[in-house]
Amino acid sequence: MSTNADFYDGRGPSAVWLGSLQGNADPETVRTVACGWLLLNATDPFTYADAVTDLLDVWADEDLRHGHHPRDGWPWLWPGSTETDWVFTFDHGRVRITTGRAWHARRSAIADYESDHPEGGLDERRR
């Protein structure tokens with residue numbers, strides 16, 4: 001079954017998109033590629049981001065379809081990760097994996113909270 005995945009550094013409205021995978025991009029398949037295993041076990045944002053970049057580069061070499069780098073632009077017909085099968089994020093020293101629909105609910109809840117607390121929403125607490 002063909003799936004897609006988006007990768008982010010951070011969560012919520014300030015998350016930075018690092019790239020996307022198209023085709024067989026479920027967590028178990030990502031884990032079978034060496035740099036995929038590395039990104040899933042990353043404990044710092046630099047290792048995670050480097051491993052994501054490497055994974056985007058080798059995805060086609062592994063005959064798993066295509067990796068999309070940010071320099072090439074957003075790859076999907078939909079505007080965000082809400083329709084993406086898998087969303088991988090690095091936040092607070094660990095990797096989190098959700099579905100696109102859960103990603104949308106999380107980002108909406110954070111945006112709602114921050115609009116209700118303009119003096120310093122959740123992003124301010126991370127700094």
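Predicted model: local features only at pLDDT ≥ 70, side-chain atom pairs only at ≥ 80, totals over all residues.
Local features were considered at pLDDT of at least 70 and side-chain atom pairs only at pLDDT 80 or more, whereas totals for chains, interfaces and linings use all residues. Residues are numbered from 1 along each chain as its sequence is written, and side-chain values use heavy atoms, with hydrogens and water left out.

Two salt bridges were identified, each defined as a side-chain nitrogen of Lys or Arg within 4 Å of a carboxyl oxygen of Asp or Glu. Asp91 pairs with Arg11, with 3.1 Å between the closest N and O atoms. This pair links distant parts of the chain, as Asp91 belongs to strand β4 (residues 86–91) and Arg11 to the loop between β1 (4–9) and β2 (16–22), 80 residues apart. Strands (E, at least two residues) and helices (H or I, at least four) are DSSP runs numbered from the N terminus. Asp91 is buried, at 6% relative accessible area, and Arg11 is likewise buried, at 17%; buried denotes under 20%, exposed over 50% and partly exposed the range in between (1.4 Å probe, protein chains only).

The other salt bridge joins Glu28 and Arg31 at an N to O distance of 3.9 Å. Both residues lie in helix α1 (residues 27–32), and because they are three residues apart, about one helical turn separates them. Glu28 is exposed, at 51%, while Arg31 is partly exposed, at 38%.

Four aromatic pairs were counted, the criterion being ring centres of Phe, Tyr and Trp (its six-membered ring) within 6.5 Å, with planes under 30 degrees apart classed as stacked, over 60 as edge-to-face and the rest as tilted. The Trp76 and Trp78 rings are stacked, because their planes lie at 10 degrees, with centres 5.4 Å apart. Trp76 is buried, at 10% relative accessibility, whereas Trp78 is partly exposed, at 23%.
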